[in-house]
Amino acid sequence: MSSTVVDRDADPDELDAIAQRRIHVVLSASALLVVAVMALPILTSFTHVLDGVVGGIGVAYIVGFGEFVLAMAGAVAYCRWVNRLEAGPAGAEKAR
Amino acid sequence: MSGHGLAIAIAVVLVGVTVALAVYASRQLGGTGDHYVAGGRLRGWQNGIALAGDQISAGSFLGITGAVALTGFSGFYLAAGLPAAYLLILLLVAEPLRNLVARRHDRRHLHPDLQGVGAARARSRADADQHLEDPGGTLSARCCTPGIPSATRRSSPCTWERPVRWRTSH
């Protein structure tokens with residue numbers, strides 16, 4: 001469990017702003033993720049965009065494995081961002 | 001040893017090891033808190049391995065492989081959804097779950113607003129207990145802490161502070 005220690009002397013408005021920003025980022029990232037993931041079956045089922053073959057591997061498979069990389073990169077980026085945010089006012093300033 | 005005999009032997013060994021681990025773990029448990037949330041002592045990477053162990057199970061591993069073998073790319077959709085599920089868990093579920101556990105074990109991990117609510121409720125419960133155990137209020141001075149005063153403690157010699165939601169240090 002991460003050791004988040006809240007700065008108790010922080011300005012309430014500032015903490016509210018940080019919380020709202022966090023919610024905004026989380027919901028936005030979730031929406032983008034759902035769109036990115038759902039794009040794969042939609043593009044493969046209803047369009048011919050991913051019908052090609054590169055090096056003997058279907059483009060759809062390559063894009064599908066790319067989603068694995070996207071998810072990992074998103075998780076790493078979010079963890080770094082939220083760790084800076086929870087590090088205190090200095091970290092929150094960097095996270096802006 | 002025939003193929004069937006070897007398979008049965010492997011299955012028996014696996015079941016035996018699993019049962020032995022379960023018996024060993026059950027003797028280490030201290031209560032329901034240990035059983036359900038490991039006493040709140042798990043770190044992030046340990047929870048991650050547990051989640052991975054749940055999702056990348058034999059059902060997923062063999063099932064998705066079989067689905068791709070039988071249905072082609074349609075089976076691959078099952079695999080493509082897994083990383084997205086992990087990230088959604090991280091974004092939407094992990095923090096509220098951490099705060100839930102933190103609320104039980106360590107209020108420092110909570111949002112300050114929740115800290116105030118949890119502390120006020122805890123003090124209310126403590127006030128009620130105090131009222132039952134010490135109707136005369138003789139112990140009130142010893143138990144005096146900043147917070148919401150109960151009807152019992154208003155008559156005590158303690159100097160109460162108004163509850164402060166955000167700033168708890170002065």
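Trainee: How many helices and strands does chain A have?
Mentor: This is a predicted model, in which local features need pLDDT of at least 70, side-chain atom pairs count only at pLDDT 80 or more, and totals for chains, interfaces and linings use all residues. Residues are numbered from 1 along each chain as its sequence is written, chains are lettered from A and ligands numbered from 1 in the order in which they are written, and side-chain values use heavy atoms, with hydrogens and water left out. Helices (H or I, at least four residues) and strands (E, at least two) are DSSP runs, numbered from the N terminus. Chain A follows the pattern α-β-β-α-α along its sequence, and its elements are three helices and two strands.

Trainee: Which pattern does chain B follow, read along the sequence?
Mentor: Chain B has six helices and zero strands. Its pattern along the sequence is α-α-α-α-α-α.

Trainee: What percentage of the residues in chain A is buried?
Mentor: Buried means under 20% relative accessible area, exposed over 50%, and partly exposed in between (1.4 Å probe, protein chains only). In chain B, 22% of the 170 residues are buried. For the 96 residues of chain A, the value is 28%.

Trainee: Among contacts in chain A between residues at least 6 apart in sequence, what percentage joins residues at least 24 apart?
Mentor: Contact means heavy atoms within 4.5 Å. In chain B, 28% of the contacts between residues at least 6 apart in sequence join residues at least 24 apart. Counted in this way, chain A has 51%.

Trainee: Which residues is A84(B) in contact with, leaving aside its neighbours within four places in sequence?
Mentor: A84(B) is one of the residues of the largest nonpolar core. With neighbours within four places in sequence set aside, its contacts are L33(A), V37(A) and A71(A).

Trainee: Which residues does L90(B) touch, not counting residues up to four places away in sequence?
Mentor: L90(B) lies in helix α5 of chain B. Its C-alpha is 9.7 Å from that of G48(B), which is 42 residues away in sequence. Residues up to four places away in sequence are not counted, and L90(B) then touches A75(A), Y78(A) and C79(A).

Trainee: The side chain of which residue is joined to that of T44(A) by a polar contact of 2.4 Å?
Mentor: A polar contact is a pair of N or O atoms within 3.5 Å; within protein, one must be able to donate a hydrogen and the other to accept it, and residues adjacent in sequence count only if both atoms are side-chain atoms. T44(A) lies in helix α1 of chain A. Leaving aside neighbours within four places in sequence, T44(A) is in contact with L50(A), A60(A), F73(B) and Y77(B). The 2.4 Å polar contact runs from its side chain to that of Y77(B).

Trainee: How many Å from a polar atom of the side chain of T47(A) does the backbone oxygen of L43(A) lie?
Mentor: T47(A) is in the loop between α1 and β1 (53-54) of chain A, and its relative accessible area of 27% makes it partly exposed. A polar atom of its side chain lies 3.4 Å from the backbone nitrogen of V49(A). From the backbone oxygen of L43(A), the distance to a polar side-chain atom of T47(A) is 2.5 Å.

Trainee: Within what arc do the buried residues of α4(B) fall, seen down its axis?
Mentor: The buried residues of α4(B) are S60(B), I64(B) and A67(B). They line one face of the helix, because, seen down the axis, they fall within an arc (taken from the directions from the helix axis to the C-beta atoms) of 60°.

Notes: Core = buried A, V, L, I, M, F, W, Y, C linked by side-chain atoms within 4.5 Å.
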